Amino acid sequence: MILHVGVHVSIGGGVDKAVDRAYNYGSTAFQIFTRNPRGWMYKPLKPDEVTLFREKVKRFGYDGYVVSHMPYLPNLSSPDDNIYQKSLDSLINELNRAGELGISYLVIHLGSHMGKGFEKGKERLLNAVSTALDMVDNDVMILLENMAGQRNSMGSRFEEIQALLDGLSSYSDRIGVCFDTAHAFAAGYDLSTSKGVEYTFNEFEEYIGFKWLKVVHLNDSRYELASGRDVHEHIGLGYIGEKGFRLILSNKEIIKMPLILETPVDKKRGDLGNIMMIWYLAGVKPPINILKKWEEYLEKDPQDKEIYENYILKM
C-alpha cells in the first residue's frame, strides 16, 4: 500500500520549484498557493513555469495528488458587497490558475457571515461558487473545507456542509469536500478517542457522505476540544495526539485520500518529521525509494533524524 501524503510547499523562485520541494521531502502528494496568499494582487503565471510545473508533476508521479488552496483574504460569505466581489473575482482567478497548472483540486475556506446568520452567508457562498463554476470551464474541483467553529464561521458543523452541498447539487461533478482534522477538533468533534472518532466519522457519513471526500488536511490542534481556535500543531504533539491519528488513519476512506499536512515548521520539528509520523502512525512501511529520499534529505538537514531512527527504521 502507498500513502499519498505531503505538506503545503512554497512556490518561492517559481511555481515549478514547489514540485522539486515536494519531491525532495519524499512526498507523494502536495499543496500550494498559486500566489501570495496574504494580498489581493497577483501576477499572471509565467508560461515557462507552467510548462515546467506540469512536466515535473507528471515525471514525479503527482498527477491527481496536487492541491491548490485559496488565499486567506477572500470571504465568499461576506455581506459586504466590495469584499464579496473581490472574493468572487479571486475564486474565479484561482480556478483558472489551477486549471492552467493541471491541478485537480482547489480548497476554499467557507468564510464568515459576519453576524448576518448562516442562511444569509449560504446565499452568498452558493452564488459565488456557482458563478465561478459557470464562468470557468475546466476540470478543477472546488473543495469545501470544514471550519474550526470560530464565531460567525460557515461550515463548522457537518449539517452546514450538507446544506451547501444540497445547494450545489447541479455541480456534483465539480464539487467535493476537504476534511481538516484540526478544524473538526476545534469545532467540537473529538478525534482523540476511539468513541469520538467513531462518532465523528458516523456523523460525516450521515450528513455529508464519504463519496464527497477528496482531500484530507491532517493537522493536530494546539488548543483543546471545542476551543473554536484554528491553531495547528505537529502531528501527535497536540490535543488530538498520536492515539487520535492512529484511529483517524485506520479509517479506510481517509487513508486512500491525498493527505496534506499544514503543520508548523519550528525547532520542535520540520515538515519531513510530520510526513514520517503519518507513515508511522498509519502503520504503513514506506517503499525503498521514499526511504532513500528521506536519508538524502536528513544528510543535509538532520532536524528530524531522531524520528527516522526511532520510528521509521523500527517499523
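**Close-up views of a predicted model**

**View 1. Helices H7 and H8 meet at an angle.** The axes of helix H7 (residues 194-207) and helix H8 cross at roughly 40 degrees and come within 10 Å of each other. Here helices (H or I, at least four residues) and strands (E, at least two) are DSSP runs, numbered from the N terminus. Axes are lines fitted to C-alpha atoms, for helices over the stretch in contact, and angles run from 0 to 180 degrees between N-to-C directions. H7 is therefore oblique to H8; angles under 35 degrees count as roughly parallel, over 145 as roughly antiparallel, 65 to 115 as roughly perpendicular and the rest as oblique. The crossing of H7 past H8 is right-handed, meaning that the near helix is turned clockwise from the far one by less than a right angle, whereas anticlockwise is left-handed. Look for Ser194, Val197 and Phe201 of H7 against Lys243, Leu247 and Ile248 of H8, where contact means heavy atoms within 4.5 Å. These residues comprise 4 nonpolar, 1 polar and 1 charged (Ala, Val, Leu, Ile, Met, Phe, Trp, Tyr, Cys and Pro count as nonpolar, Asp, Glu, Lys and Arg as charged, and the others, Gly among them, as polar).

A word on reading the views: this is a predicted model, in which local features need pLDDT of at least 70, side-chain atom pairs count only at pLDDT 80 or more, and totals for chains, interfaces and linings use all residues. Residues are numbered from 1 along each chain as its sequence is written, and side-chain values use heavy atoms, with hydrogens and water left out.

**View 2. Helix H8 also meets helix H9.** The axes of H8 (residues 241-249) and H9 (residues 271-282) come within 8 Å, crossing at roughly 65 degrees. H8 is therefore roughly perpendicular to H9, and this crossing is right-handed. From H8, Glu242, Phe245, Arg246 and Leu249 reach Met277, Ile278, Tyr280, Leu281 and Ala282 in H9. The contact residues of this pair count 7 nonpolar, no polar and 2 charged.

**View 3. Helix H9 packs against helix H10.** Here the axes of H9 and H10 (residues 288-300) come within 12 Å and cross at roughly 150 degrees, so the two helices are roughly antiparallel. Their crossing is left-handed. Leu272, Ile275, Met276 and Trp279 of H9 touch Ile290, Trp294, Tyr297 and Leu298 of H10. Among the residues of this contact are 8 nonpolar, no polar and no charged.

**View 4. An open sheet of 8 strands pairs in parallel.** The strand order is E1-E10-E7-E6-E5-E4-E3-E2, and two strands pair if DSSP finds at least two bridges between them. Strands E1 (5-7) and E2 (30-32) stand at the edges with a single partner strand each, so one side of each has no neighbour in the sheet. From one strand to the next, the twist averages 30 degrees. Helix H3 (residues 81-101) packs on the sheet and touches E2, E3 (66-69), E4 (105-108) and E5, its direction making about 155 degrees with that of E4.

**View 5. Strands E5 and E6 lie side by side in the sheet.** E5 (residues 141-145) pairs with E6 (residues 175-180) in the parallel sense over 4 bridges. To find your place, look for isoleucine 142, which stands opposite isoleucine 175 in E6.
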